[in-house]
Every structure is written in structure tokens, then in C-alpha cells.
Amino acid sequence: MIQVDAIAAFSDNYIWCLHQDNNDRCVVVDPGSAQEVITYLKENKLVLEAVLITHHHWDHTNGLTDLIDFCNGDLTIYASEQCQLDVEYKALHHGSGIYLSGLDLELTVIATPGHTLDHICYLGDDKLFCGDTLFSGGCGRLFEGSAEQMHASLQQLAKLPATTQVFCTHEYTSANLSFAKAVEPSNQALIHYQQQVQDWRKLERPSLPSSIANELKINPFLRCHLPSVQESIARHSQQPVNDSVTAFKLLRQWKDSA
């Protein structure tokens, strides 16, 4: 069974580490910093086999050079074919398959442009490593892509099995849920989840992973097709909302200015 541990970095990043009890091989996702990963590897007597990159932003990639040096160059890096990295890597596209031999794990790549144009997610073992595309209770800002692209990307993820665990890269959940409450103040699932997250964070416990089932209940960016959500967005924006793409675009603008 694949285990996933959170390696905390910066103020709110998680570098996810995939490993198993029965061997010493591991894989990490989006190492924005190397030292925390190296410390974790040494403490847990693990050997880093590969790195999965979701997109090019520095807080997801800055640890690569030091990790390559730590592994004496014996490290496989995966990233989108559109990703501009200063290190050698295996280029991926939508539908690419990856086999991580040390973990006996197969992953499928899902292209999710929106936050950036090169953004990809990794899916396998009922787990989704989604970088800055889907957050618990929210989604990434549109730095390079369009609202239409991000909406389409999120719709792909919304159609995954409900049991899929959602491993995003940032501990943004509390702030996202406060905004979601402004959009859907009467959403009982959201109210319950917000209290649960508050309890977890008081204990310094990560709010992640979430699940697709949970996000469909509480994440307004996955609920833009609902009349009640569209009505809330229309009231706030004072603009007509007749479709989910328009709703998403105005909702993202609302969140950006909140």
C-alpha cells in the first residue's frame, strides 16, 4: 500500500512523499525546497527515486538542483513537455503513463492548464496530486491560462471517482472555506467541514488530503453549475450569470478581490 506523508516547507507548502513500508524507495511531489526533503529522507532512511513536478513555479521546483546533487545525479524528474526547467527531465503530456518501479505504482497524467499553461496532475492508487489546480475549498489563481481553461480543467477532476484523495500543494483550506461560506452561507456540509478543519489546524494537523466527494459538496469552484451558487455570484457581481463558465469567471474574480 502506498503511503503519503506531508513534508512541510515555507509557510504553507506541502511536499508530498510517496513510499511503502516494505522498501526504502520513495518519490516526492513539487519540492520547492530541498533541505526539508533531505532531512526527511535521512530521518526515515529512504532513497529518493523520482520527483513529480506539476508546474514551473519556483515554490514547486527550487529544490531540484540540490536534490539531484544529493542523489549524485541518480534521480528521475517528471514534468510537462511545456515546462521550462533548468534540469534534465522526462517530458509528459495529457494521458502519459508513468511507472514508478520502486513503488510498483502506475500514474496517469492529466493536463490541467489554467493556473499555468504547463500545469499537469498525477493520478494513481486512488490519489490525485494536483499542485495548484484544485485546492480544498478553492482553486488556483489564473496566472497564465483563461477562466475557460481552468473551468475545463476542474471539470476533468470533478469527474474522477468520488473516493479519489486530493493532495494539493498548499495549506489554504481555512481561508478558502471562509470565502466559500460567503458564497454559500447555508451549505451545511461546508459549515461542518469548516469546523472540522478548524479543529485539525488547532492541533497543527494538515487539512489534506481532501476527496473529490468532499470537494463536490463544499468547493464553490466545482459547484458553478448550481442555480443557488449562480444566484449568489450574480448578486455579488451585479451581472447576469446564465452558465457555469461565466459563473466560474466571476467567482474567481470575486475570490481575487476578497
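In this predicted model, helix H5 passes helix H6 in a left-handed crossing. Their axes lie 10 Å apart and meet at an angle of about 155°. Angles over 145 degrees count as roughly antiparallel, so H5 and H6 are roughly antiparallel to each other.

**H5 against H6**

- From H5, the contact takes in Thr 173, Ser 174, Leu 177, Ser 178, Ala 180 and Lys 181.
- They meet Leu 190, Ile 191, Tyr 193, Gln 194, Val 197 and Arg 201 of H6.
- Sorted by class, the residues of this H5 and H6 contact are six nonpolar, four polar and two charged.

**H8 against H9**

- Helix H8 covers residues 227–237, and helix H9 covers residues 244–257.
- The two axes come within 10 Å and cross at roughly 50°.
- H8 passes H9 in a left-handed crossing.
- H8 brings Gln 230, Ser 232, Ile 233, His 236 and Ser 237 to the contact.
- H9 answers with Ser 244, Ala 247, Leu 250, Leu 251 and Trp 254.
- The contact of H8 with H9 holds five nonpolar residues, five polar residues and no charged ones.

**H4 against H9**

- H9 also packs with helix H4, which spans residues 147–158.
- Here the angle is about 110°, and the axes are 9 Å apart.
- Angles of 65 to 115 degrees count as roughly perpendicular, so that is how H4 and H9 stand to each other.
- On the H4 side, the contact is made by Ala 147, Glu 148, Met 150, His 151 and Leu 154.
- On the H9 side, Ser 244, Val 245, Phe 248 and Lys 249 take part.
- The contact of H4 with H9 counts five nonpolar, two polar and two charged residues.

**The largest pocket**

- A probe the size of a water molecule, rolled over the atoms, shows where empty space is left.
- The largest pocket holds about 210 Å³ of space.
- Its lining has 15 residues.
- Phe 135, Cys 139, Gly 140, Arg 141 and Tyr 172 are the ones nearest the centre of the pocket.
- H5 (173–183) and H9 each give at least two residues to the lining.
- The lining splits into five nonpolar, five polar and five charged residues.

**Two backbone features**

- Most residues other than glycine have a negative phi, and most peptide bonds are trans.
- Asp 30 is not a glycine, yet its phi is positive, about 55°.
- Asp 30 sits in the loop between strand E3 (25–29) and helix H1 (35–44).
- The peptide bond from Leu 208 to Pro 209 is cis, and its omega is near 5°.
- Pro 209 belongs to the loop between H6 (188–202) and strand E14 (210–211).

Technical notes
Residues numbered from 1 in each chain as written. Predicted model: local features only at pLDDT ≥ 70, side-chain atom pairs only at ≥ 80, totals over all residues. Heavy atoms only, no water. Axes fitted to C-alpha atoms, helices over the stretch in contact; angles between N-to-C directions. Helix = DSSP H or I, 4+ residues; strand = E, 2+ residues; numbered from the N terminus. Left-handed = near helix turned anticlockwise from the far one by under 90°. Contact = heavy atoms within 4.5 Å. Nonpolar A, V, L, I, M, F, W, Y, C, P; charged D, E, K, R; others polar. 1 Å grid on protein atoms, 1.4 Å probe; cavity = no way out; pocket = protein on both sides within 12 Å on 5 of 7 lines; lining within 4 Å. Points joined across faces, edges and corners; volume = space filled by probe spheres on them. Parallel < 35°, antiparallel > 145°, perpendicular 65-115°, else oblique.
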